[in-house]
Amino acid sequence: MNIAYWTVAGLLATFYVYAGTLKLIRSRDQLRPMMGWVDRVPLLALRALGTVEVLGAIGLILPPLTGIAPWLALTAASGFVLLQTGAIAVHLMGGDRRIARNVGLTATAAVIMWLATRLWSG
């Protein structure tokens, strides 16, 4: 289970560091081709979302890696499930039915929650 956790968490963390960093440093015009929804949220919310994604990715990796409060990985994964649930709602409300990636990210975070529960839940 340890190998499974690190494999899945590493992949998810890599995705969120990349996506979050893009939201933090790129303009709306640069993001629009890959994220058509950026015009429907305030710029401050977009930057906050990027910050949450990067911090969540750190939460998946750093606590278990250091052994300091490794249960925080469960919290980070739970946050990603909630984040993607909200993302699915934003896509659907905007008429965008392309939610397969969001569903996959939700499922991946749920797997990490399950693995983290097995590895580090008290």
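The largest pocket of this predicted model has a volume of about 640 Å³. Here a pocket is an open set of points on a 1 Å grid over the protein atoms alone, where a 1.4 Å probe fits, with protein on both sides within 12 Å along at least five of seven lines, and lining residues have an atom within 4 Å of a point. The volume is the space filled by probe spheres set on the points, which are joined across faces, edges and corners.

Of the 25 lining residues, K23, M35, W37, H91 and N102 are the closest to the centre of the largest pocket. The elements that contribute two or more residues to this lining are α1, α3 (43–66), α4 (72–93) and α5, and α4 gives the most, with 6 residues. Helices are DSSP runs (H or I, at least four residues), numbered from the N terminus. By class, the lining of the largest pocket comprises 15 nonpolar, 5 polar and 5 charged residues. Ala, Val, Leu, Ile, Met, Phe, Trp, Tyr, Cys and Pro count as nonpolar, Asp, Glu, Lys and Arg as charged, and the others, Gly among them, as polar.

| Helix pair | Angle | Axes |
|---|---|---|
| α1 and α5 | about 140 degrees | 10 Å apart |
| α1 and α3 | about 155 degrees | 8 Å apart |
| α4 and α5 | roughly 160 degrees | within 8 Å |

Axes are lines fitted to C-alpha atoms, for helices over the stretch in contact, and angles run from 0 to 180 degrees between N-to-C directions.

With its angle of about 140 degrees, α1 is oblique to α5. Angles under 35 degrees count as roughly parallel, over 145 as roughly antiparallel, 65 to 115 as roughly perpendicular and the rest as oblique. The crossing of α1 past α5 is left-handed, meaning that the near helix is turned anticlockwise from the far one by less than a right angle. Residues of α1 including Y5, L12 and F15 meet residues of α5 including L105, I112 and W120, where contact means heavy atoms within 4.5 Å.

α1 and α3 are roughly antiparallel to each other, and α1 passes α3 in a left-handed crossing. Their contact contains 18 nonpolar, 5 polar and 3 charged residues.

α4 and α5 are likewise roughly antiparallel, and their crossing is left-handed. Among the residues that meet here are F80, I88 and H91 in α4 and N102, M113 and T117 in α5. The contact of α4 with α5 has 13 nonpolar, 7 polar and no charged residues.

Residues are numbered from 1 along each chain as its sequence is written. Local features need pLDDT of at least 70, side-chain atom pairs count only at pLDDT 80 or more, totals for chains, interfaces and linings use all residues, and side-chain values use heavy atoms, with hydrogens and water left out.
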